[in-house]
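The structure is shown first, followed by the points grouped by topic.

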There are 2 protein chains.
Amino acid sequence: MRIDPNKKHVEVCITPENYSLYEEYNEIVVVVDVLRATSAICTAFDYGVKSIIPVPTIEEAKTYKAKGYIVAAERNGEVVEGFDMGNSPFGFMQDDIRDKTVVLTTTNGTKCINLARNAGQVVIGSLMNIDALCVWLKKQNKDILVLCSGWKGKFNLEDSICAGAIVEQLLESKNYQAVEDSSIAAKFLYAHSKQKYLSFLKASSHRRRLKKLNLNADIKLCLIPNQSEAIPVLKGDELVNVNVKKPREFGVVF
Amino acid sequence: MRIDPNKKHVEVCITPENYSLYEEYNEIVVVVDVLRATSAICTAFDYGVKSIIPVPTIEEAKTYKAKGYIVAAERNGEVVEGFDMGNSPFGFMQDDIRDKTVVLTTTNGTKCINLARNAGQVVIGSLMNIDALCVWLKKQNKDILVLCSGWKGKFNLEDSICAGAIVEQLLESKNYQAVEDSSIAAKFLYAHSKQKYLSFLKASSHRRRLKKLNLNADIKLCLIPNQSEAIPVLKGDELVNVNVKKPREFGVVF
């Protein structure tokens, strides 16, 4: 497990509070917020949204709302009063968003997107788009940092497990190495839970929090891998899908 | 995995940068720095040291040195020039420290002890004293936060695995619960690596760093559980052993 100067890194930052310690790997930052921001973003692109403007604060979201944008705002797992939707992927399965720009603010995910703005490139990761994402990442041939959004700064299991799955896929390419202990731990958590990660995640504090809000359907949806081929990449202030295919017809899938 | 208001918590903070997020559990903070500060502290008490004054900076250590104290100072794995020793446990296996107060500053461990000063009680944990520590902890019947020192703010494997082992032992008592994702992950890492954690820790970045410095003997020593029954507790500015037994004779064990 020596550092190979000829290989690119795929490393994991398991909480956003540690981001500054891992910036050396941020040629590409993959922001992961499995429950639910980054899953919702992939879903929105699958349903034909043109672009998504992630904003860190409710105040900024309100400014966009006043300008007539469709705005999704979530805090503590719930839709913020006065906004069109929250961060449930189901909220984005609708025709109204097709070819529109949607503004999104969430408790954890959009804060992390903002935190990673200094990176060479920011891309959205989730279990929903994991295989398509990893194929795309391998083609970039750059250092990759997977940034787990966690829950209000704390470590969470679902983001770390998703990060571990990304590390595992990237390591299939001989061009990549993972040398940080956080990356090794994330990969280990994934490898030892992948046969049963839904049941393992029952232990997750965030899952427990969402369950209290009766969001079991959201959780189950967000944990199903490879529903989406979206690769949402930050260009300026907007996320756009660099892997555009024909958008889904509303109502076909669910 | 619901929170039980009648049970005490045993939770894990996996990097010192997250400490403020877990302060609600800090009736007792167990500071863990397996490689090597907290292992060295246990060893020092086994060899009869009277007390240890942990200081966060080299400057403070120099002030004590000028006053005539025995001072141990480590940065980046090496003894700092001009000091009596670093944080190798072997350095504390000597008669000179018997009944003396030793001052200690290290890259990670003593910073964490300082960070946790606001806790109800601060105690030193390592694999070396794990069983004795857990017996003592169970008797206190208070919320426990295991604070992993990590490496310069980053997560590391050996401290998280040791923390997971502490969680597992405390959960044997029906009075305890672990509900944070970080605690569940630490316990999982320990449970799935305990048969082979030495080989698992070969993957550890800090272990790799120490290996570069030819400290393999230190690493092997620090990973052997239950060599010590010391329970070093912070009283004012000093760590004292609240589980004093007859100190080891120099040279008997190694």
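In chain A, helix α5 (residues 157-171) and helix α6 (residues 181-191) cross at roughly 100 degrees, and their axes come within 7 Å. Angles of 65 to 115 degrees count as roughly perpendicular, so α5(A) is roughly perpendicular to α6(A). The model is predicted: local features need pLDDT of at least 70, side-chain atom pairs count only at pLDDT 80 or more, and totals for chains, interfaces and linings use all residues. Residues are numbered from 1 along each chain as its sequence is written, while chains are lettered from A and ligands numbered from 1 in the order in which they are written.

**Terms for helices**
- Axes are lines fitted to C-alpha atoms, for helices over the stretch in contact, and angles run from 0 to 180 degrees between N-to-C directions.
- Helices are DSSP runs (H or I, at least four residues), numbered from the N terminus.

**Helix pair in chain A**
- From α5(A), the contact includes S160(A), I161(A) and E168(A), and from α6(A) it includes S183(A), K187(A) and Y190(A); residues are in contact if their C-beta atoms, placed from the backbone, lie within 7 Å.

**Helix pair in chain B**
- Helix α5 (residues 157-171) of chain B packs against helix α6 (residues 181-191) of chain B at an angle of about 100 degrees, with the axes 7 Å apart.
- That angle makes α5(B) roughly perpendicular to α6(B).

**Contact between chains**
- Chain A and chain B each contribute 26 residues to the contact.
- On the side of chain A that touches chain B, the elements giving two or more residues are α5, α6 and α8 (205-212) of chain A.
- The most comes from α6(A), with six residues.

Definitions and conventions: Angles under 35 degrees count as roughly parallel, over 145 as roughly antiparallel, 65 to 115 as roughly perpendicular and the rest as oblique. Two residues are in contact if their C-beta atoms, placed from the backbone, lie within 7 Å.
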